[in-house]
Amino acid sequence: MTERFGHYIDGAFVAPATDEYFASTNPATLDTLYEAAAGTAPDIDRAVRSARAAFEGHAWSRLTATARGHLLRKLGDLIGEHADELALQESLDNGKLLREMRGQMRALPEYYYYYAGLADKVQGSQIPATNLDILNYTQREPLGVVGAIVPWNSPLTLTTSKIAPALAAGNTVVVKPSEHTSRSTLRLAQLATEAGFPDGVFNVVTGFGAAAGAPLVDHPLLAKISFTGSTATGSRIAATAAARFIGCTLELGGKSPNIVFDDANVENAAMGVIAGIYAAGGQTCIAGSRVFAHKAVYDELLERVTARAQSIVIGDPLAAETELGPLSFGDQLDKVASYVELGASEGATVHSGGGRPQLELPGYFYEPTVLTDVTNDMRVVREEIFGPVAAILPFESEDELVGLANDTEYGLAAGIWTNQLARAHRLARRLDAGTIWVNTYRAMSPMSPRQGFKSSGVGIEHGLESMHEYTRLKSVWINTDEGPVADPFVMRG
């Protein structure tokens, strides 16, 4: 019998209001894994009201910041103890390599430890006064109920980027995971209860975007929404948040340049290109999908990238030898295939890959693909594909490169491969992207802030700066002069 999961609200699993469920499918085998509750507006309302009650309740609101930090550390410990279990759940759900998900899950406790340490480090300050009888100070306070809408490509890592600082700051949360990857987030909520978080502090409503995500964004008790996903959906969420005067943090699409100069170590750069676009099947917002190679090294880089792409082992993501698993669901496979066909119709050459591999598994597999003879105005170069498709373009000068790299609506990340220190610093300043990697790619840390520029997002995730995303600043004025007010019609300083 297929395992079935309800929503996780107020510290327990509960049945959906409609009593309807949907199946989650293994993208490698197409087997049904489990069924999750199909959330609707009443479920969202129940979860948000539970979170609001918890936010106002003494068990959470009267907890010291240091005590919140202890809970986050305990949750991190539990994630570490269950890392292999969580990794398997995510690999089965989204098709990413089991060894990659193990690495993510074993690193994930560090995020909770980091924010545990920050929980009691968010401080106000005393403001210098022009009137010595006035004491003016600021304090940072939690916002209330934070809604988090998370995609399917790295469920717990992206959930953690939102909820760890939100909880450290004293908020409560309602998470709407992707309908493709619900299981690990539900398990995380159970672990939060086991760690000692009061009931209602961490809630999960599963389901689809229109039925569950939209009511979460629209809920009148929501204080902030944090979303990772497409730019189009993020734009709609930003408009809704603005109309309601609540905050939003948005990590959206990307079409990141990965740039190889003529002085670079081309062998290392080729591996950086492979990591940037084929790791995780290209299903990452920071994918280095636009590869710019200096004309002096273009042929060598293309040869190295093509040879390695053709040797990538495609297959069962649970197998140790596999290097590329399936795309996460059928619609994503269709999207990637259609973009490659579009590129060919635009005049691009499918230099390598460009089709379904011959495998015994029936899942949503697609070959690592290299496109050449592309120009910066082609849709395959301008639009996010979110799959293992690299477009490789030549350039001659640094100024030409900057113009090409910045000629995009996105500004999430960029990679630079060069052995010239001055050039690295110069390009880091000139490239219009929130994260710049030099002679590496896909490196990240909970301590290092990430921000998308242009259509790649609003707000900051990770780092000390992210704590401010989940607090509000209050200015307090105290008059210590107990004498009479001299003139009630004059503003006091």
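**A tour of selected salt bridges**

Begin by selecting Arg-430, which is partly exposed at a relative accessible area of 32% (buried means under 20% relative accessible area, exposed over 50%, and partly exposed in between, with a 1.4 Å probe and protein chains only). The model is predicted, so local features need pLDDT of at least 70 and side-chain atom pairs count only at pLDDT 80 or more, while totals for chains, interfaces and linings use all residues. Residues are numbered from 1 along each chain as its sequence is written, and side-chain values use heavy atoms, with hydrogens and water left out.

Glu-398 lies in helix 14 (residues 398-406) and Arg-430 in helix 15, so the pair ties together parts 32 residues apart in sequence. Helices (H or I, at least four residues) and strands (E, at least two) are DSSP runs, numbered from the N terminus. Glu-398 is buried, with a relative accessible area of 16%.

Then select Arg-423 and Asp-263, whose side chains form a salt bridge (2.6 Å, N to O). Arg-423 is in helix 15 (residues 421-430), and Asp-263 in the loop between strand 13 (257-260) and helix 10 (266-277), 160 residues apart. Arg-423 counts as buried at 11% relative accessibility.

Finally, select Glu-251 and Arg-450, a salt bridge at 2.9 Å, N to O. Both residues are buried.

How values were computed:
A salt bridge is a side-chain nitrogen of Lys or Arg within 4 Å of a carboxyl oxygen of Asp or Glu.
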